[in-house]
Amino acid sequence: QGLYSSVVCPGLVMSNMTYGILPVFLWKLLMPIMWLCVLGLYIFVLFFQVWLFKQKPEYLDALVKYHSCTTGLGRRYVEPRKMDVDEDIAEKLYQKLLELEEQ
């Protein structure tokens, strides 16, 4: 119905909240390892984004989430998972969004 979105991992953040879990010097030692892990995840997310942008949005099912998955051997694939959503409520919400957009 003309409303599309895609969501990706926001990244790795170190803050005062993380300092309560481990001392600061341990975080500084672990960060390079964690950055390498995040880099590997970005490679897998990139595969999903390439797949997603090759699709025509009007052909994708609006009530399905498309998950980027990887097997233990590194094969990447996209798995559609049906969302547990009441279609009537979803339609009412969409109509409400259209009304808000017109204001």
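This is a predicted model: local features need pLDDT of at least 70, side-chain atom pairs count only at pLDDT 80 or more; totals for chains, interfaces and linings use all residues.
Figure 1. Across the protein as a whole, which has 103 residues, 11% of the residues are buried.

**Figure 2. Order of the secondary structure elements.** The protein contains 3 helices and 2 strands. Read from the N terminus, these elements follow the order α-α-β-β-α. Helix α2 covers residues 24-54, and strand β1 covers residues 64-70. Strand β2 takes in residues 76-82, and helix α3 takes in residues 87-102.

**Figure 3. The antiparallel pairing of β1 and β2.** Strands β1 and β2 run antiparallel and are joined by 7 bridges. Val64 has Lys82 of β2 as its bridge partner, while Lys65 is partnered by Arg81 in β2. The hairpin formed by β1 and β2 has 5 residues between the strands. In this hairpin, Gly74 adopts a positive phi near 95 degrees.

**Figure 4. The salt bridge between Arg81 and Glu79.** The structure holds 1 salt bridge. Arg81 and Glu79 form a salt bridge in which the closest N and O atoms are 2.6 Å apart. Arg81 counts as partly exposed because its relative accessibility is 37%. Glu79, with a relative accessibility of 28%, therefore also counts as partly exposed.

**Figure 5. Tyr66 and Ser68 on strand β1.** Tyr66 is located in strand β1, and Ser68 is likewise found in strand β1. The relative accessibility of Tyr66 is 22%, so Tyr66 counts as partly exposed. For Ser68 the value is 34%, and Ser68 therefore counts as partly exposed. Tyr66 and Val78 are 12 residues apart in sequence, with a C-alpha to C-alpha distance of 6.3 Å. Ser68 and Val45 are 23 residues apart along the chain, and their C-alpha atoms are separated by 6.8 Å.

Figure 6. Phe25, Leu26, Leu29, Leu30 and Ile33 make a nonpolar surface patch of about 480 Å².

Figure 7. Asp61, Asp86, Glu87, Asp88 and Glu91 form a negative surface patch. Within this group, Asp86 is found in the loop between β2 and α3. Asp86 has a relative accessibility of 42% and so counts as partly exposed.

Technical notes:
Residues are numbered from 1 along each chain as its sequence is written. Side-chain values use heavy atoms; hydrogens and water are left out. Patches are made of residues with over 30% relative accessible area and no salt bridge: like charges are joined within 9 Å, nonpolar side chains (Val, Leu, Ile, Met, Phe, Trp, Tyr) within 5 Å. Accessible areas come from the Shrake-Rupley method with a 1.4 Å probe; for residues, only the protein chains shown count as cover. A salt bridge is a side-chain nitrogen of Lys or Arg within 4 Å of a carboxyl oxygen of Asp or Glu. Lys and Arg count as positive and Asp and Glu as negative; His and the chain ends are not counted. The place of a charge is taken as NZ of Lys, CZ of Arg, CG of Asp or CD of Glu. Helices (H or I, at least four residues) and strands (E, at least two) are DSSP runs, numbered from the N terminus. Buried means under 20% relative accessible area, exposed over 50%, partly exposed in between (1.4 Å probe, protein chains only). Two strands pair if DSSP finds at least two bridges between them.
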